[in-house]
Amino acid sequence: MKLASLPKPQPTPLPHRSEEQSFSGSDALILSLLAEGVDTIFGYPGGAIMPIYDALFHYSESIKHILVRHEQGAIHAAQGYARVSGKAGIVFATSGPGATNLVTGLADAMIDSTPLVCITGQVASHLLGTDAFQEIDVMNITVPVTKWNIQVTRAEDMANAVAKAFYIAKSGRPGPVLIDVTKDAQFAKTKFHYHPCKSISTYQPEPVVNMTAIEDAALLINAAKKPYILAGQGIILANATNELIAFAEKGNIPVASTLLGLSGFPHDHPLYVGYLGMHGNYGPNKNTNDCDLLLAIGMRFDDRVTGDVTRYAKQAKIIHIDIDRSEINKIIKVDVPLHANAKKALPLLTERIQHAERIEWLGSFKEYSEEEHEKIISKTCLNSSGEIKMAEVVFALNEFTGGDAIVVTDVGQHQMVTSRYFHYKNPRTNVTSGGLGTMGFALPAAMGAKIGAPKKQVIAIIGDGGFQMTLQELGTISQYNIPVKIVVLNNEFLGMVRQWQQMFFEGRYSFTEMNNPDFVKLNQAYGITAMKVTERHELTTALKDMLEHEGPYFLEVKVEKEENVFPMIPTGAAVSDMILEYKSK
């Protein structure tokens with residue numbers, strides 16, 4: 001006997017209420033999000049947040065909710081959304097395991113300066129501290145991985161908590177915040193008044209530019225023969241790409257990008273010299289220890305950029321511009337600290353610096369680039385024999401898209417290859433997990449990026465290991481028909497770990513080889529068009545078919561199993577000790 005299906009309830013707008021009427025705490029939360037312009041929430045419902053979801057039901061015409069398959073997928077999706085849109089990403093999760101499943105994403109967003117507002121449900125106030133079902137001390141767990149967190153136990157505090165959360169998440173150096181809401185606060189009634197937060201007395205996110213430091217920096221720049229700009233993500237977060245271009249052009253100064261700084265300065269600009277870091281370009285790393293002035297802008301001197309800090313740019317004067325005072329002199333001692341927003345500081349410097357030819361200095365980067373091309377690029381990107389190489393795939397994608405797509409990467413060899421060979425032209429088109437190095441980031445981040453920038457082509461480039469950490473989000477992509485393009489470079493290894501094992505652990509491949517499933521059938525089971533490439537002659541057609549496909553598309557490319565990524569700064573080495581090839585002992 002076939003049972004008749006129940007009629008599907010339809011969202012109904014809540015009746016108009018005057019300021020004297022009461023709202024539930026849950027309604028106050030949703031109305032506060034609407035007041036902040038929120039259009040998308042990534043989340044997963046559960047018992048402790050059910051009243052908030054019930055309130056959201058009535059506003060589904062105004063706010064889109066994306067039901068993910070795991071809370072980690074929700075927060076990575078919100079990160080992708082935030083990174084491409086510049087807005088705060090919004091996450092809903094329930095108490096207990098729902099909240100703890102957000103911790104990896106919170107840590108990732110914290111270290112990579114991504115603005116998020118995460119809302120978690122919590123047991124009722126009288127049950128706090130009793131080990132009630134799905135109770136966890138989310139406040140103390142998340143203190144180290146949030147810019148700010150708060151527990152709301154009264155409905156009347158809801159709107160103010162949301163307003164402060166958005167202000168803190170988006171201002172200064174952005175970051176994640178978390179609001180934990182007890183169940184009784186979700187049910188309780190309150191009057192609703194929303195006032196966006198514009199300042200907090202104990203929090204000064206926008207530093208006042210020190211004009212003495214500006215003058216000191218300008219003097220160093222004008223005296224330098226070999227100045228060099230290291231551009232970090234701070235350029236992107238400050239929307240200061242145009243200001244950086246004007247500054248670099250006025251001084252005729254070469255510019256290199258950190259991993260997260262990629263896309264902050266156009267790669268086709270004649271002053272762009274490449275990518276910094278352990279697997280970056282040869283010239284940018286070598287010349288770090290040959291310049292006479294280093295201008296670090298919106299970057300934090302991560303160990304992947306500095307190598308051995310005792311041998312880092314010892315010959316150079318250093319100017320560091322950063323909105324976060326704690327980053328200045330934290331790792332590298334500088335000559336001119338400039339605690340400032342790059343968007344405000346750069347025009348002040350541009351007014352004061354002089355133009356110089358620097359023919360020999362700029363030419364040195366070209367010489368290193370030619371050497372790198374001969375020894376590496378010509379053998380990886382332009383290779384025509386043997387197994388397909390990762391660089392070939394990325395190089396071809398760059399050619400087909402003209403560097404105009406949003407590219408989302410996971411963590412590992414494919415990430416380094418993409419960072420080297422995709423030539424970003426526009427800001428906010430590079431989305432990756434930088435400081436935390438979170439495998440499983442790319443697939444959910446890509447779907448969030450596509451929702452945040454629906455008119456842009458979004459391509460996720462992932463290794464076979466990272467893909468399997470969050471592949472359940474194929475269900476989300478399928479349900480909402482999110483037209484992301486997924487490229488898995490399958491070498492059947494945890495490739496980056498294997499490369500280190502080969503180079504530094506005498507070739508002992510300890511638990512890094514993978515026995516993978518049939519990725520094509522897996523995607524087809526989710527209703528996603530999928531294809532596998534094993535031969536070089538199939539690659540061009542497959543990539544074009546993928547890019548032209550209207551919906552989501554999965555492409556697996558079998559690549560060389562034991563391919564290594566070069567150049568490389570060996571662990572513990574100086575940036576100037578970068579090697580172009582591996583020579584076995």
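Predicted model: local features only at pLDDT ≥ 70, side-chain atom pairs only at ≥ 80, totals over all residues.
1. Pocket volume. The second largest pocket holds about 570 Å³ of space.

2. Pocket lining. Its lining is made up of 22 residues. Val 273, Gly 274, Asn 281, Ser 369 and His 423 are the ones nearest the centre of the second largest pocket. Four elements each supply two or more lining residues: strand 11 (272–275), helix 12 (282–286), helix 15 (359–380) and helix 17 (413–421). Helix 15 contributes the most, with seven residues.

3. By residue class, the lining of the second largest pocket has eleven nonpolar, eight polar and three charged residues.

4. Helix pair geometry. Two packed helices are described by the angle and the distance between their axes. For helix 3 (residues 71–85) and helix 5 (residues 103–111), the axes come within 8 Å. They cross at roughly 20°. Angles under 35 degrees count as roughly parallel, and helix 3 and helix 5 are therefore roughly parallel to each other. The crossing of helix 3 past helix 5 is right-handed.

5. Helix pair contact. On the helix 3 side, Gln 72, Ile 75, His 76 and Gln 79 make the contact.

Key: Residues numbered from 1 in each chain as written. Heavy atoms only, no water. 1 Å grid on protein atoms, 1.4 Å probe; cavity = no way out; pocket = protein on both sides within 12 Å on 5 of 7 lines; lining within 4 Å. Points joined across faces, edges and corners; volume = space filled by probe spheres on them. Nonpolar A, V, L, I, M, F, W, Y, C, P; charged D, E, K, R; others polar. Axes fitted to C-alpha atoms, helices over the stretch in contact; angles between N-to-C directions. Parallel < 35°, antiparallel > 145°, perpendicular 65-115°, else oblique. Left-handed = near helix turned anticlockwise from the far one by under 90°. Contact = heavy atoms within 4.5 Å.
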